[in-house]
Each structure stands twice: as C-alpha cells, then as structure tokens.
Amino acid sequence: MAIYQLPELTYDYGALEPAISGEIMELHHDKHHAAYVKGANSTVEQLAEARAQRSLGHLPGLERALAFHLAGHALHSIFWTNLSPDGGDRPGGELAAAIDEFFGDFDAFRAELTAATGTVQGSGWGTLAWDPIGSRLVVHQIHDHHISLAITSTPLLVFDAWEHAFYLQYRNVKTDYVEQLWSLVNWTDVASRFDAARTGRLSGLDAP
C-alpha cells in the first residue's frame, strides 16, 4: 500500500474560476501533484531496497529525490486548502494582530508576500511561515520545493509560483496570477495553521 496519497480537493475544479481555470486545477492536482506523490512512494521503495541489499551508493541522490517529492506533496496539500471559492478579504483575530505586529500592517504583508512570489527565479513558492525560534511570522521565498526555507519554519500560507500553476491562463504575466490568488485565500485555514504552529503542531503537514 502506498505510504503517501493524493488528497481529494474539497471543491470542484472550476470552483476557483475566474481566478484559476478548471483546466489548470485539474492538470495541477491530477497530474503535477500526483506525480510528486508517485515520486515519493517510488523513492521510498528504492530506499528500502537499497537498505535491504546494503547497497547505499545511490543514497545521496535518493535522499534528494525524496526531499523534493515530499516537499512538493506537502506544499501542494497546503495550497489546496489555503484556497477557497469563498476566500479573499483579510484575516481577523490573532492572525491579523500578528500580521500587524510583524509586518506593520496587512498591506505591507501583502506587498511582501506578493513580491516574494512574483520574483522567484525559475520555479518556487512565496510562503508565510511561523518561525518558532524567533516566535514570529516570516515570509520565505522557496526555490523549487525545499531550498531557502528555514528548516524549523512551518508554512501557513503558500502561493505556488511554478509555471504549471498559471502559465496556461496568465502566460508570462505572473503578477496578475499572484494578485488573483489573494481573492481566494481561505483565512480560516491559514488561522488554523497559525494556531497549530504556535503550539508546536504541524497542521496539515501530517496528512497523507
């Protein structure tokens, strides 16, 4: 039985239109995310075989592959629940207060995450995360799936900046795509992750 499984979306492929087309959502979820899940499971099997045979010559490559696929799986799993057909507007409560504390105000935070997402060189993500060492919110620019993210940080809100997430609809105008993502943000989900992260839990990252 596969260790990792592709999560089901809680909304229809076309539910995020016009911001994200149903065609992109179907391809993104059923093809790209599914490929990371398949890659993770395949790499786990290869690692088990290498251990059984005491043949660890390819271990560095296998470990890098596992990190890549697992990070892609985790980030996409968060991305789907970060978005909602009923999303948008601004957060409230303790999350809003924390954003004001660590970024000055919501507009400053929005501008920083927008810039981080829009200026990723190549493939990557813009991410709002909780840093438990500094007990603060931070914005990370992730390259590919797992480079440049502080090792202790817990992602709360992730914006996918890989071309497969937007190019079919927005072509090379990534900034328009990022602006549309703000209209979909599920702040209830982000706030739940924020609450979990502050208590040392990995909300959404322990799912299959």
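Predicted model: local features only at pLDDT ≥ 70, side-chain atom pairs only at ≥ 80, totals over all residues.
Strands of a sheet pair through backbone hydrogen bonds, either parallel or antiparallel. Here three strands form an open sheet in the order 2-1-3, with antiparallel pairing. Strand 2 and strand 3 are the edge strands, each of them pairing on one side only. On average, neighbouring strands of this sheet are turned by 20° against each other, with direction ignored.

Strand 1 spans residues 124–131. On one side, strand 1 is joined by eight bridges to strand 2 (residues 136–143), and the two run antiparallel. These two strands form a hairpin with four residues between them. Within the turn, Ser135 has a positive phi of about 50°. Strand 1 also pairs with strand 3 (residues 154–160), again in the antiparallel sense, over six bridges.

Trp125, in turn, stands opposite Asp160 in strand 3.

Which residues of strand 1 point one way, and which the other way? Gly124, Gly126, Leu128 and Trp130 point one way, whereas Trp125, Thr127, Ala129 and Asp131 point the other way. Residues of both sets are buried. Because eight of the eight residues of strand 1 are buried, this strand is largely enclosed by the rest of the structure.

Helix 4 lies across strand 1, strand 2 and strand 3, and runs at about 15° to strand 2. This helix covers residues 106–118 and contains both Phe106 and Phe109, which are three residues apart, about one turn of the helix.

A pair of aromatic rings is described by the distance of the centres and the angle of the planes. The structure holds 15 aromatic pairs. In one of them, the rings of Phe106 and Phe109 have centres 5.8 Å apart and planes at 65°, so the pair is edge-to-face. Phe106 counts as buried because its relative accessibility is 7%, and Phe109 counts as buried at 0%. Both residues also belong to a cluster in which ring pairs link Phe103, Phe106, Phe109, Phe159, Trp182 and Trp187.

A further aromatic pair, formed by Phe166 and Tyr177, is stacked, with 5.2 Å from centre to centre and 25° between the planes. Phe166 lies in the loop between strand 3 and helix 5 (167–170), while Tyr177 lies in helix 6 (residues 174–181), so the pair ties together parts that are eleven residues apart in sequence. Phe166 counts as buried, with a relative accessibility of 3%. Tyr177 is likewise buried, its relative accessible area being 1%.

Helix 1 (residues 22–52) and helix 2 (residues 59–82) have axes that come within 8 Å and cross at roughly 145°. The crossing of helix 1 and helix 2 is left-handed. The residues of the contact between helix 1 and helix 2 divide into 15 nonpolar, eleven polar and one charged.

Conventions. Residues numbered from 1 in each chain as written. Heavy atoms only, no water. Buried < 20%, exposed > 50% of the residue type's maximum accessible area, 1.4 Å probe, protein only. Pairing = 2+ DSSP bridges. Phe/Tyr/Trp six-rings, centres within 6.5 Å; stacked < 30°, edge-to-face > 60°. Axes fitted to C-alpha atoms, helices over the stretch in contact; angles between N-to-C directions. Left-handed = near helix turned anticlockwise from the far one by under 90°. Nonpolar A, V, L, I, M, F, W, Y, C, P; charged D, E, K, R; others polar. Contact = heavy atoms within 4.5 Å.
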